Amino acid sequence: MHHKRNMLSAALASAIALSAAGVNAQDNSGDATNLDTVTVTGIRRGIESAISVKRDSTSIVEAVSAEDIGKLPDVSIAESIARLPGLAAQRVAGRAQVISVRGLSPDFATTLLNGRELVSTGDNRSVEFDQYPSELINGVTVYKTPDSGLIGQGLSGTIDMQTVRPLSYGDRVISVSGRYQKNSLGEAAGVDPYGNRFNVSFVDKFADGTLGIALGYSHSDMAKQENQVGLYEPWEQVGDGWRPGVEAGTWYSGGIKALRRTGNAKRDGLMATIQYRPNNTWTSTLDAFYTDAEEYDTANQLEIHLGDFNGGYDRLQVDGVRVNGNGTFTGGIARNVYPLVRGMYNHREDNIKAFGWKNEITLESVRIEADVSWSKAERDETNLENNLQRLPAPQLDSVALDFSGNGFPQLTPGMDYSDPSQLYLTNTIYGSGYGKVPHVDDELRSFRLTANFNAPESMGNWLSDFDIGANFADRRKRKTQAEGNINLGAQGETSIAADLQYAPVNLGFAGAGLIPAWNVPAAVARYMEFNPTTAESYLVPKQWAVEEEITTTWFRANINAMIGEIPVRGNVGIQAQHVDQFSSSNYWDESQPVGSQVIPIADGKSYTDFLPSLNLSFELPAENTLRFAMARQVARPRVDQLRASMEFGVDTSTGRPGASGGNPNLDPWVANAIDLSWEKYFGNRAYVAAAVFYKDLRSYIYTQTRDGYDFTNQVEQWLAVNGDTIDIPVQNTGNYSAPFNGQGGSLRGAELTASLPLDLFSDALRGFGVVASASYNDSDIQILDPESASSVGSDPIMLPGLSKRVYNFTAYYENNGFEIRVNQRKRSDFIGEIGNFDGVRTLRYVEGEDVIDAQVAYSFAQGSSLQGLSLYLQGSNLNNSRYHTYAGTKDRPLETIEWGRTWLVGASYKF
């Protein structure tokens, strides 16, 4: 592993050195300038457009550009973004979904669409990028350093997705494409492995080029296929006699499950842009974006409790125990267990609507922009479960366990669980079932006004112009989550009828054989009763609303100067953010009279942050650029951390109150950042770069238990009912476990990047090229997360999302219409974020990933009878990279997931 890392680092360093030195002769001869005039298409067109964006920016940025309208090669924009230097993706359901920038979790980055902040369908701010079809996105710019005019900026970076600007196109474009796909895991539980994608785009200008219209539609229908083995958390050191047969002090997990997940994910996206420019003084642009996603899946699983709980029958006995040198249980035979066959169903619908209207007016030397926007996201979800066991009880089994291999942990039962007539919906050791119906909505309104005017002549040697502006944003996010038991209906215990059964699923990958699969929601409707509620005591705090009003003002002076013979571009400015945050929720007080136990709670605060920034770009000889940036950066707290929810009580033996919940009084994450980047360009054809950065995080938000928290309002409510029942004084302050601003630390990193067509070195390599990057991150920040202690432990952990090494490598060949590209993206271990069964964010150690994708394409030449037609063959996750999570050390697995390889074949036609 170390050898491979050193080889990639050495290769990048060599590429930088060779490019800077060995190609200089070609550069100095003027060839690069001549090459810039060559018309390019396909892969090279996308690469050169992205290089142009990076080179022309005054900030340190990364960019990805569509090769042509509707031709980004990935299912969602997430895969494209994840290949950029310093960025890494976390996969969910086999798809790249959330993005980490420069080693910080997705919480620290913000996402924009056409420069406007986006809402999200999750509990937090971080956008789920797989909801954005790549075919509707024309390009992405990732700002690693902000300037004062960048609204909605993040602390780690700001990701701005852009749709088409139709007046920028010279000719009408009509593009249609379709792809058909297959997953290598094959058919299971009545769900086939096939899927399809289709999109159409239209761009044209009317009224003598003054009116431009761009329209896009994208549809995808993809199968969800997954094999998984999961072990219970926490892994804990057992005491004497806890697990008969297992020696005290051994690290042991209390349960295991093997499952096959099947389902379907559909997504429809619409994009529309209208631009109107009747003259050189006014341009009006109206943007609309809509995406609707629906997915469902069922996990059919065999689950075994290994923690000496089988419904009160004979005790667990583990024979043939195997323990490794790290004290971890790796195998044996667990006797007297009572396995379950479970059906876990999830149905989710998301939709996002976004509208924006921008007007640009030029009045002599002043340019004014006014922008108004609105966006809304909604998520509705249904989670249902069925629990089945063999009857009559008890039907205790002996299960052979083996966790020692590098693949799936193995569980091999002694009994046969493939016959659905022998399995009954009953009140099992986990009950008969449980369900949830969470709902999230997120709405954002904003208005922005900016003005640009020329600098006075007295400043002309240094400053070209100034920008001033103001932005007002009003965001409201709300979550409700009704839950409840799914109880047996009047018929009582029953097997599931044949008309609700699918073909059995094969858990042979885990050693478990065949188990039934069935229609879970239909079984709930026929045999069970489900009446979800929000009124139970433990559910009351799960309902909350958060409101934010943010007024941002800024001033930016744009630099265009000469220092000796060196041109200098950039900007210096300051941004002020005034934030009004507020949350409302309820808490449950059991001591109150019936009907008065749900008590409203609301809180919030206001504050102002001042964010100075400086960006300098020194244009050195031979197309070298040196960039330097300094800035104060902020990231708003997670929305769910700002909730006013609380679980409150009073210890009647001490008179001390206590609670746990959210914190509407949080301050944001704040960092002071310094960046330095050297870039060597060869026209817009190629570049090499080396960058370093340092962030001093002044604070970090994590869950803490603090003494002295003021519970005066809650204590008054409690005393009004209970004052006569307690003989000791009740204090107004006590312990509160919640997110708080804590001590920060430093984050630092280095990035090496090379984008090189290999004919820079030899004409014999014409058509070949590579794009490669290596990122190295480190931090001295250690945090505690008590909510995730069962998976990451109670000791301090490293920053969530931080992979110390991230690599991306793309090799391509393009010639005479033929294209081939292979991409590999790798990241080292990190702490990832998942949602557990309770719908609560939890952290887990995630093993580093290595994912390989490839594409082969052929585009028919101009002048041929098939001009405009392109054919594609694509493969994703070709190395069948699995997803592993673990508890502290890799010999204590939690999840091992396989999503298989996906093959796509398709065609596009451009009129």
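Leaving out neighbours within four places in sequence, Gly-875 is in contact with Asp-853, Ala-854, Thr-902 and Trp-903, where contact means heavy atoms within 4.5 Å. The model is predicted: local features need pLDDT of at least 70, side-chain atom pairs count only at pLDDT 80 or more, and totals for chains, interfaces and linings use all residues. Residues are numbered from 1 along each chain as its sequence is written, and side-chain values use heavy atoms, with hydrogens and water left out.

Gly-875 lies in strand E42 (residues 869–876). Strands (E, at least two residues) and helices (H or I, at least four) are DSSP runs, numbered from the N terminus. Gly-875 is buried because its relative accessible area is 7%. Buried means under 20% relative accessible area, exposed over 50%, and partly exposed in between (1.4 Å probe, protein chains only). Val-856 is 19 residues away along the chain, and its C-alpha atom is 9.0 Å from that of Gly-875.

Val-856 also belongs to a nonpolar surface patch. Patches are made of residues with over 30% relative accessible area and no salt bridge; like charges are joined within 9 Å, nonpolar side chains (Val, Leu, Ile, Met, Phe, Trp, Tyr) within 5 Å. A salt bridge is a side-chain nitrogen of Lys or Arg within 4 Å of a carboxyl oxygen of Asp or Glu.

Strands E38 (818–827), E41 (849–859) and E45 (902–910) each supply at least two patch residues. E38 gives the largest share, three residues. Phe-818 is in E38. Phe-818 counts as partly exposed because its relative accessibility is 34%.

Asn-663 sits in the loop between strands E32 (656–661) and E33 (669–682). Asn-663 counts as buried because its relative accessibility is 5%. Its side chain reaches the backbone nitrogen of Asn-665 at 2.9 Å. Not counting residues up to four places away in sequence, Asn-663 touches Gln-641, Leu-642, Arg-643, Pro-739 and Phe-740.

In helix H6 (residues 520–527), Val-520, Ala-523, Val-524 and Tyr-527 are buried. They lie on the same side of H6 because they cover an arc of only 100° around the axis, taken from the directions from the helix axis to the C-beta atoms. At the start of H6, a side-chain oxygen of Asn-519 reaches to within 3.1 Å of the backbone nitrogen of Ala-522.

Methods. Areas by Shrake-Rupley, 256 points an atom, 1.4 Å probe, with all protein chains shown as cover. Polar contact = N/O pair within 3.5 Å; in protein donor to acceptor, adjacent residues only side chain to side chain.
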